[in-house]
Amino acid sequence: MAGGHRLLLENAQQVVMVCARRERFLARDALRSLAVLEGASVVVGTDGFIEAIGPADAIRKLFSEETFRERIDCSGKCILPGLVDAHTHPVWAGERVHEFAMKLAGATYMDIHQAGGGINFTVEHTRQASEEELFCSLQERLQCMMRAGTTLVECKSGYGLNLETELKMLRVIERARQQLPIGISATYCGAHSVPKGKTAPEAADEIINSHLPKLKELGQSGVIHVDNIDVFCEKGVFDLDSTRRILQSGKAMSLQINFHGDELHPMKAAELGAELGAQAISHLEEASDEGIAAMATARCAAILLPTTAYMLRLRQPRARKMVDEGVIVALGSDFNPNAYCFSMPMVMHLACVNMRMSMPEALAAATINAAYALGKSHTHGSLEVGKQGDLIIINSSRWEHLIYQFGGHHELIEYVVAKGKVIYKK
């Protein structure tokens, strides 16, 4: 213990560990009773990892002679793991507020897409934007997410649809990963839409033969770091065959499969993901009973996005059925120009009200299970000794207030901590 410690959080009313036995995820009955300590303290070491967690008196005795770079009195407050946002599109240029008005007037997602709006509109503006402009807007958006309690976020490319712009987006994500305190899982999503003038099989060929080899080369030389591969598997976008080919090629490069499926139409994407050993599939509003059962067996996480179903007035994903079947349910904000939400506390609230999840289920889905969906639950998603010291402190005597107070997270969240360093203080 020489040289002191980074952070002591003393005497919290509640410390929500979420897990206490190194679980990689929580499913079925394990979601009902999260690990919560009353009257507890947390110590984070100089390496940024949790060194001790337990009753306040025991921690006080154990560390009575020790020095800390920072101490925070958490009396009457709650400590929770940093939130994990498992699905975002945060790198883009071109506002789409006008499309929100179109949706309110009755236009569907595909109506707007086919009229040259949606992804295509954002692609045009993102192609024209400089790398510096994209980085500055990404930095602002990630800071908004941090203030809402997110300490690990998945960031996708996908508004380039050509190699040059996709690489520009991935360089911006890499710069953020190196310069900002928030944790980032980077996703290549070049198959977000079929570029104008191409068919889905032609676009898939270009991705497999041109994009992916370049990603591999830049990854090996350390220019960019990509964790996941994504495809928008949807009617009128990438069909099941093209999706399979792209995902298999990405998996052959050691990328985790983490893709959009069964959102607007039943595509059997859930079955495909289970078959390919996907780490996660997002959306799943139209997933079949067979697909849900296959995901549970394959331990493929379902990243549910309550903001998307809410804003597009879609059928909600069947979260209750998934939980009951044993699927590993995670949550994401789906932050993008079509679903402009930075806040995982609001996502959890919507998951509880619209998808009928309980508050413990929603918190697990936004912490340990979201970390699992990104392949990072061995280091993130719960407060346990040896895990990264990412956490939030809320000014409330019960942790449930973070979900219950819809839109109230700005007042509740007093500190956000990453690797034992305060990255936001109210």
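Student: Which residues does Glu95 touch, not counting residues up to four places away in sequence?
Tutor: In this predicted model, Glu95 touches Phe121 and Tyr340 once residues up to four places away in sequence are set aside.

Student: Where is the place of Glu95 in the chain?
Tutor: Glu95 belongs to the loop between S6 and H2.

Student: Is Trp92 buried or exposed?
Tutor: Trp92 counts as buried because its relative accessibility is 2%, and the cut-off for burial is under 20%.

Student: What about Tyr340, with its relative accessible area?
Tutor: Tyr340 has a relative accessible area of 40%, so it is partly exposed. Tyr340 also forms an aromatic pair with Phe342, again edge-to-face, at 5.4 Å centre to centre and with 75° between the planes.

Student: Which residues do the ring pairs link into a cluster?
Tutor: The cluster consists of Trp92, Phe335, Tyr340 and Phe342.

Student: How many aromatic pairs does the structure hold?
Tutor: The structure holds 7 aromatic pairs.

Student: Which residue lies over the face of Trp92?
Tutor: That residue is Arg141, at 3.8 Å from the ring centre of Trp92. A further arrangement of this kind involves Arg175, whose charged end sits over the ring of Phe135, 3.7 Å from its centre.

Student: Changing topic to the whole chain: how many helices and strands does the chain have?
Tutor: The chain has 17 helices and 16 strands.

Student: Why does the radius of gyration agree with that of a compact globule?
Tutor: A compact globule of 426 residues would have a radius of gyration near 22 Å, and the chain has 21 Å, so the two agree. The C-alpha trace spans about 70 × 45 × 40 Å along its principal axes.

Student: What share of the residues is buried?
Tutor: Buried residues account for 62% of the 426 residues. The chain exposes about 16100 Å², of which carbon and sulfur atoms supply 49%.

Student: How many of the contacts between residues at least 6 apart join residues at least 24 apart in sequence?
Tutor: The share is 73% of those contacts.

Student: Which residues have the most contacts inside the largest nonpolar core?
Tutor: They are Leu142, Phe238 and Leu331, in a core of 110 residues. Helix H7 (residues 200–220) contributes the largest share of this core, 8 residues. There is also a second, separate core of 19 residues, with Leu9, Ala12, Ile50 and Leu391 among them.

Student: Now the backbone. What is phi of Leu161?
Tutor: Leu161 has a positive phi of about 65°, although it is not a glycine. Most residues other than glycine have a negative phi.

Student: Where is Leu161 found, and is Leu161 buried or exposed?
Tutor: Leu161 is found in the loop between strand S7 (150–156) and helix H6 (163–179). Its relative accessible area is 6%, so Leu161 is buried.

Student: And what is phi of Arg299?
Tutor: Phi of Arg299 is near 55°, which is likewise a positive value in a residue other than glycine. Arg299 lies in the loop between helix H10 (289–298) and strand S12 (301–304). With a relative accessible area of 47%, Arg299 is partly exposed.

Student: Which residues does Ala27 touch, not counting residues up to four places away in sequence?
Tutor: Ala27 touches Gly326 and Val327 on that basis. The C-alpha atoms of Ala27 and Ala296 are separated by 9.4 Å, although these two residues are 269 residues apart along the chain.

How values were computed. Residues numbered from 1 in each chain as written. Predicted model: local features only at pLDDT ≥ 70, side-chain atom pairs only at ≥ 80, totals over all residues. Heavy atoms only, no water. Phe/Tyr/Trp six-rings, centres within 6.5 Å; stacked < 30°, edge-to-face > 60°. Buried < 20%, exposed > 50% of the residue type's maximum accessible area, 1.4 Å probe, protein only. Lys NZ or Arg CZ within 6 Å of the ring centre and 35° of its normal. Helix = DSSP H or I, 4+ residues; strand = E, 2+ residues; numbered from the N terminus. Rg over C-alpha atoms; globule rule 2.2 N^0.38 Å. Contact = heavy atoms within 4.5 Å. Areas by Shrake-Rupley, 256 points an atom, 1.4 Å probe, with all protein chains shown as cover. Core = buried A, V, L, I, M, F, W, Y, C linked by side-chain atoms within 4.5 Å.
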